[in-house]
Amino acid sequence: MTDSELMAAAIEQARLAPMHGDVPVGAVVARDGVIIARRHNERELTGDPTAHAEVLALRDAAAVVGSWRLDGCTLAVTLEPCVMCGGAVVNARLDRLVYGAADMSAGACLSLYNVCDDPRLNHQVEVQAGVEAEACGQLLTDFFQELR
């Protein structure tokens with residue numbers, strides 16, 4: 001699958017989040033060209049501060065693979081991961097991270113920090129930023145405009 005195809009699937013997931021009051025962020029994990037996990041934010045739904053789309057998708061992917069080590073996998077997410085999610089990406093030993101919209105206030109994979117490529121850590125992850133960034137950003141803009 002191309003990065004754009006992965007992002008399209010992540011965008012589909014992001015569109016589900018506002019149905020239960022969550023910020024529209026979606027994530028998918030692919031391995032060998034097949035999506036093995038699809039999730040969206042569920043913090044409001046579950047009351048769990050760690051229920052970010054990325055963390056949920058990584059948990060599901062680990063269950064499918066049968067290991068916490070997700071080498072050979074790519075995570076595509078509509079918004080640049082935060083510090084928690086960036087750390088989870090590194091700890092899961094993902095090969096690649098693909099994200100759409102940059103997060104200038106909390107992004108930890110290029111904008112504020114670069115957790116995925118920090119040489120002090122024991123694993124680095126290839127990052128592809130800006131895939132379908134406009135569409136991903138528009139989901140967030142629309143969501144927050146409706147709240148106002």
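Exposed means over 50% relative accessible area, buried means under 20%, and partly exposed lies in between. I keep these cut-offs at hand for everything below. The model I am reading is predicted.

**Entry 1: Asp118 and Arg120**

I looked up arginine 120 and found a relative accessible area of 73%. That is over 50%, so arginine 120 counts as exposed. Its salt-bridge partner is aspartate 118, with the closest N and O atoms 2.6 Å apart. Aspartate 118 has a relative accessible area of 15%. That is under 20%, so aspartate 118 counts as buried.

**Entry 2: the other salt bridges**

How many salt bridges does a search of the whole structure find? I noted 5.

One of them joins the side chains of arginine 39 and aspartate 60, at 2.7 Å from N to O. This pair links distant parts of the chain: arginine 39 sits in strand 2 (residues 34-40), aspartate 60 in helix 3 (residues 53-65), and they are 21 residues apart. Arginine 39 has 18% relative accessibility and counts as buried. Aspartate 60 has 27% and is partly exposed.

Next I checked glutamate 126 and arginine 96. Their side chains meet in a salt bridge at 3.3 Å, N to O. Again the pair links distant parts of the chain, with glutamate 126 in strand 5 (residues 126-128) and arginine 96 in strand 4 (residues 96-101), 30 residues apart. Glutamate 126 is partly exposed at 47% relative accessibility. I also noted a network: salt bridges that share partners join Asp3, Arg96 and Glu126.

**Entry 3: helix 4**

Which residues of helix 4 (residues 83-91) are buried? I listed Cys85, Gly86, Gly87, Val89 and Val90. Their cover includes helix 3 and strand 3 (73-79). After helix 4 comes arginine 93, and its phi is positive, near 65°.

**Entry 4: helix 5**

I tested the length of helix 5 (residues 133-147). Its 15 residues, at 1.5 Å a residue, should span 21 Å. The end C-alpha atoms are 22 Å apart, which agrees.

Then I looked for buried residues in helix 5 and found Cys136, Gly137, Leu139, Leu140 and Phe143. They cover an arc of only 150° around the axis, so they lie on the same side of helix 5. An α-helix has 3.6 residues a turn, so residues three or four places apart point the same way. The face turned away from the buried side of helix 5 carries the exposed residues Glu134 and Glu146. Helix 1 (3-14), strand 3 and strand 4 are among the elements that cover the buried residues of helix 5.

Note on methods: Residues are numbered from 1 along each chain as its sequence is written. This is a predicted model: local features need pLDDT of at least 70, side-chain atom pairs count only at pLDDT 80 or more; totals for chains, interfaces and linings use all residues. Side-chain values use heavy atoms; hydrogens and water are left out. A salt bridge is a side-chain nitrogen of Lys or Arg within 4 Å of a carboxyl oxygen of Asp or Glu. Helices (H or I, at least four residues) and strands (E, at least two) are DSSP runs, numbered from the N terminus. Buried means under 20% relative accessible area, exposed over 50%, partly exposed in between (1.4 Å probe, protein chains only). Contact means heavy atoms within 4.5 Å. The expected span of a helix is 1.5 Å times one less than its number of residues. The arc is that of the directions from the helix axis to the C-beta atoms.
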